[in-house]
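Please open the model in your viewer and keep the sequence panel beside it. The stops below say what to select next and what is there.

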Protein chains: 8
Amino acid sequence: MAEPDIPPQVRFDWQREARTGIPEAVFCDGKTIEHLQVILTEARDRQARLFMTRLAPDTHAALAGTFTLDYCALSQTAIFGGLPDGLPQRDKVALVCAGTSDLPVIEEARRALAFHGIEAPVFADVGVAGLWRLMSVAEDLSRFPVLIAVAGMEGALFSALAGLVPGLVIAVPSPVGYGVSAGGQAALTAALASCAPGVVTVNIGNGFGAAAAARKIIG
Amino acid sequence: MAEPDIPPQVRFDWQREARTGIPEAVFCDGKTIEHLQVILTEARDRQARLFMTRLAPDTHAALAGTFTLDYCALSQTAIFGGLPDGLPQRDKVALVCAGTSDLPVIEEARRALAFHGIEAPVFADVGVAGLWRLMSVAEDLSRFPVLIAVAGMEGALFSALAGLVPGLVIAVPSPVGYGVSAGGQAALTAALASCAPGVVTVNIGNGFGAAAAARKIIG
Amino acid sequence: MAEPDIPPQVRFDWQREARTGIPEAVFCDGKTIEHLQVILTEARDRQARLFMTRLAPDTHAALAGTFTLDYCALSQTAIFGGLPDGLPQRDKVALVCAGTSDLPVIEEARRALAFHGIEAPVFADVGVAGLWRLMSVAEDLSRFPVLIAVAGMEGALFSALAGLVPGLVIAVPSPVGYGVSAGGQAALTAALASCAPGVVTVNIGNGFGAAAAARKIIG
Amino acid sequence: MAEPDIPPQVRFDWQREARTGIPEAVFCDGKTIEHLQVILTEARDRQARLFMTRLAPDTHAALAGTFTLDYCALSQTAIFGGLPDGLPQRDKVALVCAGTSDLPVIEEARRALAFHGIEAPVFADVGVAGLWRLMSVAEDLSRFPVLIAVAGMEGALFSALAGLVPGLVIAVPSPVGYGVSAGGQAALTAALASCAPGVVTVNIGNGFGAAAAARKIIG
Amino acid sequence: MAEPDIPPQVRFDWQREARTGIPEAVFCDGKTIEHLQVILTEARDRQARLFMTRLAPDTHAALAGTFTLDYCALSQTAIFGGLPDGLPQRDKVALVCAGTSDLPVIEEARRALAFHGIEAPVFADVGVAGLWRLMSVAEDLSRFPVLIAVAGMEGALFSALAGLVPGLVIAVPSPVGYGVSAGGQAALTAALASCAPGVVTVNIGNGFGAAAAARKIIG
Amino acid sequence: MAEPDIPPQVRFDWQREARTGIPEAVFCDGKTIEHLQVILTEARDRQARLFMTRLAPDTHAALAGTFTLDYCALSQTAIFGGLPDGLPQRDKVALVCAGTSDLPVIEEARRALAFHGIEAPVFADVGVAGLWRLMSVAEDLSRFPVLIAVAGMEGALFSALAGLVPGLVIAVPSPVGYGVSAGGQAALTAALASCAPGVVTVNIGNGFGAAAAARKIIG
Amino acid sequence: MAEPDIPPQVRFDWQREARTGIPEAVFCDGKTIEHLQVILTEARDRQARLFMTRLAPDTHAALAGTFTLDYCALSQTAIFGGLPDGLPQRDKVALVCAGTSDLPVIEEARRALAFHGIEAPVFADVGVAGLWRLMSVAEDLSRFPVLIAVAGMEGALFSALAGLVPGLVIAVPSPVGYGVSAGGQAALTAALASCAPGVVTVNIGNGFGAAAAARKIIG
Amino acid sequence: MAEPDIPPQVRFDWQREARTGIPEAVFCDGKTIEHLQVILTEARDRQARLFMTRLAPDTHAALAGTFTLDYCALSQTAIFGGLPDGLPQRDKVALVCAGTSDLPVIEEARRALAFHGIEAPVFADVGVAGLWRLMSVAEDLSRFPVLIAVAGMEGALFSALAGLVPGLVIAVPSPVGYGVSAGGQAALTAALASCAPGVVTVNIGNGFGAAAAARKIIG
């Protein structure tokens, strides 16, 4: 039977930024290299910038010959078209994570913030099993109106942090753990069930979504 | 054996507002009338205001003789000590719900916002099955920096709304539905899985938590 | 011990088309190459056509030397015996998908429709995060009595679409997503919980089943 | 604080029938009597007909003094405004159920079909544990282009039926069972996992949704 | 047919204490009043002490005329035969809970400890949302070799506590919460997934089991 | 609209005994009193015996005036038409349960066996926490070709028993427990996952099904 | 640190056959080659026969040089020590499966039966979607006192079969399917929830367990 | 964009041992080789010992050139810095496992105990399907104040063991099994639901956590 005319059908939402303040990101998982080429070509033609998530190293390698991509293997994200002009916003968003294993998600959020013109410092390894670590940075963290917190396992960081600082805590459950915490499920329920008001949640591993929310908040 | 010395042990977090901007609310489910009397008495002595959630009508009736409570049966919330002085903040937060059955959760959020000095209009019955309803208020909704959206069933409202407006959407899944959507589970996964960036989520039915987050965002 | 006499025992339901209007399809996952050879040989002997699903590229390669198969790697489907004679039915079924990552499922449905003598256009990338895309094709879509909609993530497309068009929406949840939407679970519950009447659902990724249902509806 | 202005905010989708062919139904669970009075009054003023689901006997009793409702306690449904004028459509839809305990769901579907002007016979008690019962009506059932099948427990009826007849089978899992089949979950997965193509599914107990889909199919 | 000879068949494990150090407790849920009377009569005859859990007030009332029971309605436990002779053990076990709603579980544990000859102080309302409360008692808590911690909602207390003290933390998830934390599920996964080593867990609401474990540890 | 002609549609499977050896039982949950009256009247007319499960006391009371039922409130079962003629089979099936709370399920099985002409002794309270109880009856139990074992909580009885005796163990998970074992789920997975071969399982609380299987085995 | 003395600790249950009639089988998944060598050597020394399940081809290859194993790659089982002496039992057990993809599980059961001295014919491809196939062998199947039925997807075969034949049906859910039936979950719940009495169930894919139960039944 | 400054941010909790008696362990899953090098270098500089879990063979190989690690492939653990000085504690902790497939988890616990200065014997292959094995070591096991029990499948060992010995049983569910016991879920619920008091539980496969708890108990 005849070939499907699929790649031409890609219908990217180029107007999303004007409408919602956040440009559409490219979720690469499940897209073929041909699909990604169509989108990147269209972006190049429109001189548009793009943020790409879940871009596997192999797929990146196949695109890297044709397109200039700022790629990060740790977070499997790429930026096409560079960072925005002008000075980045500072002192608005902090990135906080429970352990070193959460850094891939932290990096997705950090790079997505940079893509939106926001520079955010990382406070790593402040998990609740050693509360002194969180306490020692609590005053620092209190300066930020928005805190993106990443934790896997039991996700106790979200509640402890939200009880210490006046800023909004955006919880990003991290797919770190095993047994009951495999895939981030325990951390997700911890974030949603938090006894500390002022915690909001995004999907497991959704660093980009947390960054987009932060961008909307700080305007 | 001797009686437990339990009521005196209530250790309310009166400093939480100074620390985080949000006073501790009283989650009444599972507390005895004696526990609630201790807390309310202490609040009266400190001239502190309190917001109470999940306060069943029977329990409220038992307290109403001793304490002056502004009670709402639809949302099972009570306010002790009245609203804050001064003019409420307006035009900052909108309340949006998919259907009439979501109004108990909307009311919990609306009253919690009022408790925090925020007046928020309600845009009811704008569920996705009749998109014209959402479209007809889209321009209005675009004025608000924060939108608290409440939906049960499949929760499609969250994504549709977040794709239309620049404000942050705080999704509150509502325990409306049956079968796969019983208890709000389908709406919760819809909020977390939303393809529209800029959606953050709180626990099912947690109108108070959404209001607290909104309060933190608009400062 | 003696060898099992298994391949001869394959008992294909060659009468299913006469009885139900839909010939039995071959679900290849879990079948050995020997099993598939027996079925294909029997089909060749009977001059019967076959539709094969979940046919992995390796398995296809092992069969391709002996049998002439129209294979599609994107959807992992094969057609044996060609398309039916005569002009295909048109303007009866539309294929609609939320994003490019849903195209493997769309292709399974499109090819199964073609196998049944139905030609269906694809409306891709009309996800709810950019409602204008869906709106811009709503009038077009209103002409079709049956719409096969494919979406992963939160599956909000199903409800939005069903609220816009008079045709029946057959929802096919797509295994696109991560965290709570991994494997298509969130989209499945969204389809089942839809607040828009007139949505029916098939199993996650079951493009063939949706096509078979469409075939039964348009007669 | 001031009373919420909630009842006036009910925004019923009176245009849904023109747009999609199916008028909005009233899901009564979670709505107060005041909400339902607003909707019914508006319907009376517009001379519109309404179908109400999940209407508990107590709530019905509170409305029955003011509004004329055709109420069925078995299915907890009510019809306001009577059946449509003209002769009902016949021989298009059959209702099939596995056991007597499924009759509440069958009645919801039967009455919703009647509300849409379709008269459908009921084939009860044809569960798979006594296949002769299904076999004895198989020829009769083969005349219908659409069959709404209701089953709880393990839901084997859906596959057995779909393998016997050319019509489309709309499966409605019924909340009949205990242990692993409590609430209809086993029947739901059976419907979705059916090995017989041509089965589509709606939510557990959603007789109204099945009727709406049937209405869309037979035009 | 003839009556079942059931009550005589009760076969209580009177030797369990000699074998394992912990006498068998009576789980009253699902037992009839007749069953409980047989067990209590046998205990009276043997001059044995008994601890009863999940004893509903109605059932207790039916037994109270015949047997002398020390009953606690908050925890739904009863002690038959009084506390053990001699001075109770002190300074070995502490009871810690996140909020006032956890007190029913705390009381089950406290009374079971007393039944085993252990007196344990209660540190209530030290939930993680107000870390100062936990910090202010951390030094006190460090004196205890065993700490029974009870928390519902997200159960962050378990990890925070275990990171602060040298004693063993026995986590008892409490059925306090709603949505994702309904029934104690979120707290249970938090306890199991804890990033702080030295946390062990018992079933949701199993204060008796935690007390039995503590009894085994302190010898 | 016209009344549904539902009660006449009851289509009982009176031939099932001839076909499969086991007469159809009446699952009363979800059936109205009218449905049950139709079935019982038909049984009386045919001089057939009936076994009824999940018959609530209220429903039984409504039927007891018209029909002679041997009712057991503990197991919520009724026998219509008495036990079979002739001497019952003995020494073929043993009933074994872990605790007193499992007796309602034991009684459903015991009465269903009696209905099938099988007399089975009950070995109660032989749970694994006191292995001596099981050991003390192991030799006795080894005489039986079939053992129906009922256990809730963690269901360890199934594996321990199957490792001790040559007979087939039919496991019936019992809905006894709380937290993770609520509703019998933990016992069900224990039965299915048993490391001891020769354990087969039926649904939670399905004493009738276990009895029917035993009847098929002993012929 | 010193090496663990692990392989010598293998403590095989060589007495199980004398006690329960079924020799212990070797579940190879998770065992190292060294563990398996210890067990096989001990079997050789004792002149004992062994049945091995879940033996991956690689592991088999590593053992095949040292031990004579009758290996079947389809079912990943091996027999050590040959079949039992004497004529096999015939006409006692039938093997029935829904589709060709279920044959790996059928083979595990067929070979385990052979290991126990039972020869069982296979009735393949009699799934419910084409009921004529099941009907055409129903009379044949009625001769067998025990039927081991294997099905994946929705598992409707179990109920249909049990309603047709007098023998006991042992259901073995097969891990065939995708979406809601992935891993055999839908078939498992179908077996447990079966409306046809006389169905008992074993774990997903547990052909060996079904064979052991059949062995116990036919003595 | 600029490189993230991630490795320098590792903030290891070197004070945890002083505070809680248990040094922080390194959970290697999800950490890059660079992260592990930073931690190991810091440990070398501080002359600190480290216990590493979930260290894959490849990652170990990459580190082995630079650091001296006592690595165990079976349990995927490594010890850096050797065992503690002085004689190990004996006769305090026993390791008990149901089957040979549980030995990887046993080894993680055994090596973690050794790291804490505790020498613990292994009682392997004492699963409940052959109770004589457990009985034959019961007297031996009764000498130990703490028993770490590892079991997969249905986890019946936990209850049987706890009913036999006076020591505390720390249950470690093992990820051994398939179908309903896949990943250790059935064993986990069995441990939590145990009818034998004195069982406490840690996460699936968490041998290190069990060892840490044992360390806390024996002081």
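Begin with chain F by selecting strand S3 (residues 69-72) and strand S4 (residues 77-80), which pair in the antiparallel sense over 4 bridges; strands here are DSSP runs (E, at least two residues) and helices are DSSP runs too (H or I, at least four residues), numbered from the N terminus, and two strands pair if DSSP finds at least two bridges between them. This is a predicted model, in which local features need pLDDT of at least 70 and side-chain atom pairs count only at pLDDT 80 or more, while totals for chains, interfaces and linings use all residues. Residues are numbered from 1 along each chain as its sequence is written, and chains are lettered from A and ligands numbered from 1 in the order in which they are written.

Within this pair, F:Cys72 has F:Thr77 of S4(F) as its bridge partner. The hairpin of S3(F) and S4(F) has 4 residues between the strands, and there F:Gln76 takes a positive phi near 55°.

Stay on S4(F) and show its side chains: F:Thr77 and F:Ile79 point one way, F:Ala78 and F:Phe80 point the other way, and all are buried, a residue being buried if 20 or more other C-beta atoms, placed from the backbone, lie within 10 Å of its own.

Next, select chain B, where an open sheet of 4 strands has the order S1-S2-S4-S3 with mixed pairing. Strand S1 (26-27) and strand S3 (69-72) of chain B stand at the edges, each with a single partner strand, so one side of each lacks a neighbour in the sheet. Helix H4 (residues 103-115) of chain B lies across S2, S3 and S4 of that chain and runs at about 10° to S4(B), where axes are lines fitted to C-alpha atoms, for helices over the stretch in contact, and angles run from 0 to 180 degrees between N-to-C directions.

For the last stop, show chains G and F together: 27 residues of chain G are in contact with 27 residues of chain F, contact meaning that the C-beta atoms of two residues, placed from the backbone, lie within 7 Å. On the side of chain G that touches chain F, helix H1 (16-20), strand S8 (168-173), strand S9 (199-201) and helix H8 (207-218) each supply at least two residues, and the largest share, 6 residues, comes from H8(G).

Note on methods. Buried ≥ 20, exposed ≤ 12 C-beta atoms within 10 Å, placed from the backbone.
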